[in-house]
Structures are given as C-alpha cells and as structure tokens.
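Thank you all for making the time this morning. I would like to walk through one structure with you, and I will ask you to keep the picture in view while I talk.

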Amino acid sequence: MSTELELVRRAKEGDEQAFAGLVEQNQSRIYNLALRMTGNPDDALELSQEAFFNAWRGLGKFQGESSFATWLYRLTSNVCIDFLRREKRRSGGAPAVSLDDEEAYTREVPDERYSPQRQVEADETRRLIRAGLDALSEEHRQVLELRELDGFSYGQIARLLDLEEGTVKSRIARARLALRKYLVENGNFFTSSSSTK
Amino acid sequence: MMNCDQALELISASLDESLTPAERQALDSHLADCPACRALLADFQKMNDVFSTLPAAPPAGLSQGVMDRIAAQKQEDASKVTPFPSKKPRRRRWVRWGAAAAVFAVVILGAGRSGMLDVLVSRNAGAAPPAVSDTAENSAAESDAADAASRRSSAGAGDAQSPIQDADVPQSDAADQEISLPEAAAAPAGPSGTGAAGQSGDDTALPADTPLPTVNALTVGTETPDAGPEKNGTSLTIAPASASLTEEAAETALLTYLEEGAPEGGALPTVVSLGLSSDGTGWLFACEAGDGVVHYQVPCDGSAIVCLSD
C-alpha cells in the first residue's frame, strides 16, 4: 500500500487512481467531519464529495507544507462552514445542525450479534459519551474529536491547531479527565455492563 | 517518583502513542502503588473503546461518486471550447469590443459636449477604482471604428440623445455604477442573464441595430479585466437600470481574475460561493489558497473584484 506521500506525488501528476487511493484513505474521516458539522447524512455525503473534488482540482496548489490529510481536513471544514452559512442565510437564521440528532450521528447498521438488551446499553453508552463531548469546553472537545474521532496523531493535531505537540498531549489528557468527570456524574457510563467491542 | 498529575499525561498518551521504555517503567511503577490512577486508566480505556464505535461508515458510493465527478470534469475540460483559458482570443475580443466601445465613446462624448452627462460624470468623480477598460486597445481600435462611429451618430442626432436619456433614467438607482466600456458594448441584442453573454458575442461585431439602452440590462463581469489602481484609465460612467450579475457569472469572473494572478498555470483555483452579500451589492466567494482561505467579493455592478481577506 502506497504511502500518502507517494499517492500525492502521483495524483499531482494527474494519476486518478492514486487520487482514488487518497480518497479511500481519508473518506471515513472526511465524511464524519462533514456529518458532525451538518448533522445530516445527505449533506455530509455531498459535501464530502465536493471537498474531495475541490482537493483534486486544487492539487496544484498543495505544496506538501502540511500532510495531505490535514490539508484536506481544513478544506472540508471550510466547505462545510460555507455551506452552513448559505443554509443559515436561506432559512433566515434557523440552525441546520442539531447535535442532539441521534440519527445523524450514528448510521451504523444494527449488529445482529447483539441482543436487544445489549444493543440498548451500547446505544446508551454512545449517547452518554456524545453528551459528554458536548458538555466539554470548545478547546477540549476539539482536541478529543481530532484524536478520537478523526484519528489524527498528536503531530497532525499540533499542525492543524497551530500548537506545540506537548500542548496537544497535555490538552488531550485534561480533556479526557474532564470527560471522565462528566461521565461519572451523569449516568451509568462506567457501571453499565455492555461490551462495545 | 511520579505524581498523579504526571501520570495523568502518560496514561492518556499510552492510549494514543507508544511510551518510551523509561516512560513505561515510570508509569508502571506508579500504577502499582496508585489505585486511583489504575481506575483512571481503566476509565480512559473504556472511553477510548466507545469512541471507536461512534464514527459512521461512509456511504458506499462516496468514493465512486468522487471519481465519477473527476472523470466528468476531465471530459468537460477536453470537449469544451472555451475562450477563457488563453489570452489571445480575449485580446481579439477586446479589439472588437474596443471598436464598439469607441463607437459608444463617440456617442457619449457627443452627448457630453452637450452637457447631458455632467451630472453622471461628476457623481462618479470620487468613485472606487472602476472595472477598467483597456484604454490602449480602445484607442487602437478607435480608428477602425471611425466608420461605424459616424454611421451610428448620424443614424439620427435624435437617436444619439435618447439612449443617453435612458441611461440617465436610473439615477434613482442605488449607486452610480461604472461599467468598463468593452463589456457595455458587448451586449448582444437583448439582455442575457447568464455568463454565456460574453461568449455568444465573440463571433459577431456589434450589430448596427443593437439598441444602446440594452447595456442597462447587461450581464457584466464575464470578462472583468485586471482591476488594479495602477491601471485606472479613463472610463466613462454610465448608470445602468440594473446590472444583473448572476452567481455563475460572478464565479467565472473571479476564476478569470484569479487565473490572471496565478503563477505558471496550475490547477484552477477552487472557489466556493457564499452567496449574495448582505447588502446585495455583490457575490461573496471563499477561495481555498494552500492552507488558508481568501475571501472575495464580486460586485454586481461590474466594478473591481475586491479581496476581503488580509
């Protein structure tokens, strides 16, 4: 499997298959980012594709000053922000996103292995951790999402947020501590017996 | 000996990255004696597990959809005969429209001498840098247009007056607006509200019977020339009834503008439309530039594209 560097090099030369490889590598992260920002799977799909398409067309301007993944991530974030602005204008200020929208957050196909009881518990723990994320400060939520949901490394997060890596490391630790505190105080996240793996 | 605060960071890091042997050892010996931190580690691990179940699987068609769109774009680029990419056709068009512009200029000047334009012109004395007409090419074409000019102005002294009066009419309109003449004269018979306006005029000289007031309903901006303060040449001001610039035309204008400023032809800049500005005077765009975003406003009246970012 080619490294990101190699795929980018070939894609910049017009190799569509190489770009397809980059899409494969990044689509889950990009789609979930769009999903988080719009709360809507259809919009998320369309915006993800638009982001990838823009990335393809803008490859000439990508100089490798950051990793492709982080460059693409920023691009996607901007595409979503612009979309939300337009939507807001169109609907006269009504928010397009509902972060409480359970449906939008997880689109997993129900796993047949789980009994209904265990499924309910698994859903509950997911609901709780999402609520916990929402309750965090912006700073804490942001780093945790980038690390836990988007899978970025400390180094990539540092570049995305323009921070020192040490700061990222310590901020994530504090974010986890804050989240844990929330989960201990609200609901039975740690006491439920459901296994999620 | 490590304290719990130091242990916190290592515990957290151990979920994300490998610890160094020294870190591993220090942490392990702390954990051996600290039930609180052992509990913390267990809790962090559970959170970590649940996090991994949150992300949704991307829809199956996502990747293919992207590649299809890329393929479609490639086809479109290959088959499209577009005047935009190369400068040469554009210059030819300037010359042609420059001729028509000269025609217009003669008529306006004629009207100006009669004092009719004083009100309009003076109002624009302090206006922002206009969408500049390429005066060099105008004057070059002027001699060519001499015949057409005389034909036009003799088409009826009365006629020379009425178009100007029509141009006069929209004084009540929002702002006096400046249009670069080549575009003003590029009006095909009848307003066309799309970005194709510029292209459709490529193969025709200005028809002798194109009514001048048509300029009022023009789609300007399809060929916005480089607008910079240093290029502030003479451009006559005409107040149109309405300059209806569509979003697509504005986007095209912006892409052209960016292309001109871009170094050795790379990929097209990526612009995203943000819609009409809140005061309705222009279309807003965000342009992805490397690792940042630059915002532009393309005014509806055809005046210079403005960069809104630092």
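Let me begin with a question: is B:Cys287 buried or exposed? B:Cys287 is buried, with a relative accessible area of 2%. Please keep in mind throughout that this is a predicted model, and that the values I quote are computed from it.

Staying with the cysteines for a moment, the count of disulfides over all chains comes to 0. B:Cys34 takes part in no disulfide, the nearest cysteine sulfur being that of B:Cys37 at 3.7 Å, and because a disulfide is counted only for sulfur atoms within 2.5 Å, that pair is left out. B:Cys34 is buried as well, at 11% relative accessibility. As for B:Cys287, the nearest cysteine sulfur belongs to B:Cys307 and is 9.1 Å away, and so B:Cys287 is likewise in no disulfide.

Now to chain B as a whole, which holds 12 helices and 4 strands. Of its 310 residues, 45% are buried, and its accessible surface comes to about 14,600 Å², with 55% of that belonging to carbon and sulfur atoms. If we take the contacts in chain B between residues at least 6 apart in sequence, 69% of them join residues at least 24 apart. One helix to look at is H12 of chain B, residues 247-261, whose 15 residues reach 21 Å from the first C-alpha to the last, close to the 21 Å expected at 1.5 Å a residue. The buried residues of H12 in chain B include B:Ala253, B:Leu254, B:Leu255 and B:Leu258.

Let me turn to helix H3 of chain A, residues 41-57, where we find A:Asn54. A:Asn54 is buried at 8% relative accessibility, and, leaving aside residues up to four places away in sequence, A:Asn54 touches A:Leu75 and A:Val79 along with B:Thr270 and B:Val272. What is the nearest side chain of opposite charge to A:Glu50? That side chain is A:Arg86, 5.2 Å away, and A:Glu50 is buried yet has no salt bridge, because a salt bridge is counted only within 4 Å.

That brings us to the charged pairs in general. Side chains of opposite charge can pair when their charged atoms come close. Over all chains, the count comes to 18 salt bridges. In one of them A:Glu145 pairs with A:Arg36, with the closest N and O atoms 3.5 Å apart, and this pair links distant parts of the chain, from helix H7 to helix H2 of chain A, 109 residues apart. Both partners are buried, A:Glu145 at 15% relative accessibility and A:Arg36 at 10%.

A further salt bridge joins B:Asp5 and A:Arg174, at 3.4 Å from N to O, and it crosses between chains, from helix H1 of chain B to helix H9 of chain A. Finally, salt bridges that share partners join A:Arg147, A:Glu148, A:Arg176 and B:Asp16 into one network.

Technical notes: Residues are numbered from 1 along each chain as its sequence is written. Chains are lettered from A and ligands numbered from 1 in the order in which they are written. This is a predicted model: local features need pLDDT of at least 70, side-chain atom pairs count only at pLDDT 80 or more; totals for chains, interfaces and linings use all residues. Side-chain values use heavy atoms; hydrogens and water are left out. Buried means under 20% relative accessible area, exposed over 50%, partly exposed in between (1.4 Å probe, protein chains only). Helices (H or I, at least four residues) and strands (E, at least two) are DSSP runs, numbered from the N terminus. Contact means heavy atoms within 4.5 Å. Accessible areas come from the Shrake-Rupley method with a 1.4 Å probe; for residues, only the protein chains shown count as cover. The expected span of a helix is 1.5 Å times one less than its number of residues. Lys and Arg count as positive and Asp and Glu as negative; His and the chain ends are not counted.
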